Amino acid sequence: MYETIYDWDPIGYLDFTNYLEKLYQKSYSKKKKSIVNRFLNHMEYYFYELIRMGFVNTDNFYLILNQLESIQKIDVLPKKLQRHYAITTGNSISLNPSVKGRDGLSKNSFQFMIDSHEIGHIINHVWEEDAFKFCHTLSKNKNVKELLKSIGLSSKHLFYGFQLLDEVCTQELAERVTYQSICRNRPNMTQKRDKRIFDFEPYVTNYCIYGEFQSFAIEFSRSLSFLNCSNDEDLQVLEKLASASINPNFIYKIEEEIYHNPECFNFTILMIAIMGKVKEATYQVIDLDARKDEIVINDCVSIFQELCNKKNFTYQKK
Ligand SMILES: [Zn+2]
């Protein structure tokens, strides 16, 4: 039997206790005992903090629980895949048992961050299908095809663009909860360079992982009027994005904005696709057999910057 670290009943989340027990029973084996216990403890802590910080409440709790129930089993990553921190597939989550600490985080804290990140992905599945349908509809649109072609991209990049947002939303919540758990302020935004990404061009981030995506998500969010964050600080912008992303109408809101504001249509489509190109490029970096398309990426990054400037100008005019 799994022993919870919190008493979920008095705060109105008894069903979460039942869920944890079920997942424990399905995952438990003598060999996996410590990793299963660790993950469930982390899940509890993550969830508790999300409630405390206001990201989860009784309105979205059942929807989130429903998503979490899609995970049938906790597993250990096979040795040959242990270059990854964790892999979440349709119904199981496989964890690396020997992750080291990094960026000033101890092994335990970094492990907690990784586990939180993976749980975030499971929760975000709530809008993945909507994003897929939305991108599919756009991919049938002749104007959209032409628009993407004009910068060397195709409709698959739209879907990858939402995957970039998914990474940033999950990492944002994981960072918030992790630094809260060790009572430390989050790091300041700093410039980083990674020779594998953007051809040595620096990027600004305060993330432990996926920092190369952060500024794209921030600028994209600023351009969405329903988030109402065009003048907010970076971390406030990300808070609004992450909060919107764990609600079921996230994709609908983006769709609504695009279709009700024709001025916005091209900007937004291009921004999503460019984020998709960046996402694709970093996947190619991880996959050693693939080569990244450096010229297209660098061009895309400049176009993204131009779009942000133009869009800000458009907003200021109103
Ligand atoms: Zn991820």
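Before I point at anything: when I say helix or strand, I mean DSSP runs, H or I with at least four residues for helices and E with at least two for strands, numbered from the N terminus. With that in hand, Y203 lies in strand β5. This is a predicted model, so local features need pLDDT of at least 70 and side-chain atom pairs count only at pLDDT 80 or more, while totals for chains, interfaces and linings use all residues. Residues are numbered from 1 along each chain as its sequence is written.

For burial I count other C-beta atoms, placed from the backbone, within 10 Å of the residue's own: 20 or more is buried, 12 or fewer is exposed, and in between is partly exposed. Y203 has 19 C-beta neighbours inside 10 Å, so it counts as partly exposed.

Now the overall picture. The protein chain has 11 helices and five strands. Its C-alpha atoms fill a box of roughly 60 × 40 × 40 Å along the principal axes. How does the radius of gyration of the protein chain fit a compact globule with 318 residues? I take that radius over C-alpha atoms, and the globule rule is 2.2 Å times the number of residues to the power 0.38. The rule gives near 20 Å and the protein chain has 20 Å, so the two agree. Buried residues are 36% of the 318.

On contacts: two residues touch if their C-beta atoms, placed from the backbone, lie within 7 Å. Take the contacts with a separation of 6 or more; residues 24 or more positions apart account for 60% of them.

Next, domains. The bounds come from an automatic or database domain assignment, and they give domain 1 (1-98) and domain 2 (127-317). The C-alpha centres of domain 1 and domain 2 are 28 Å apart. Nine residues from domain 1 and 10 residues from domain 2 make the contact. On the domain 1 side, α2 (33-52) and α3 (61-68) each supply at least two residues, and α2 has the largest share, with four.

By a nonpolar core I mean a set of buried Ala, Val, Leu, Ile, Met, Phe, Trp, Tyr and Cys residues joined through C-beta atoms within 7 Å. The largest one has 77 residues, and L164, F216, A217, A273, I274 and M275 touch the most other members. Helix α4 (residues 107-139) is the top contributor, with 12 residues. Why does this core lie between domain 1 and domain 2? Because both of them give residues to it. As for A217, beyond its neighbours within four places in sequence, it contacts L164, L165, V168 and L241.

Over to the strands. Two strands pair if DSSP finds at least two bridges between them. Strand β1 (residues 73-76) runs parallel to β3, with four bridges, and K73 stands opposite S92. Strand β2 (residues 86-88) is antiparallel to β3, with three bridges, and T88 has I93 as its bridge partner. A hairpin through three residues links β2 to β3. Strand β3 (residues 92-95) is two-faced: I93 and L95 are covered, S92 and S94 uncovered.

Setting aside residues up to four places away in sequence, Q72 touches K26, N91 and S92. It has 13 C-beta neighbours inside 10 Å, so it counts as partly exposed.

Buried or exposed, Y210? It's buried, because 20 other C-beta atoms lie within 10 Å. N228 has 10 such neighbours inside 10 Å, so it counts as exposed. Y210 is in the loop between β5 (203-205) and α7 (211-222), and N228 is in the one between α7 and α8 (234-245).
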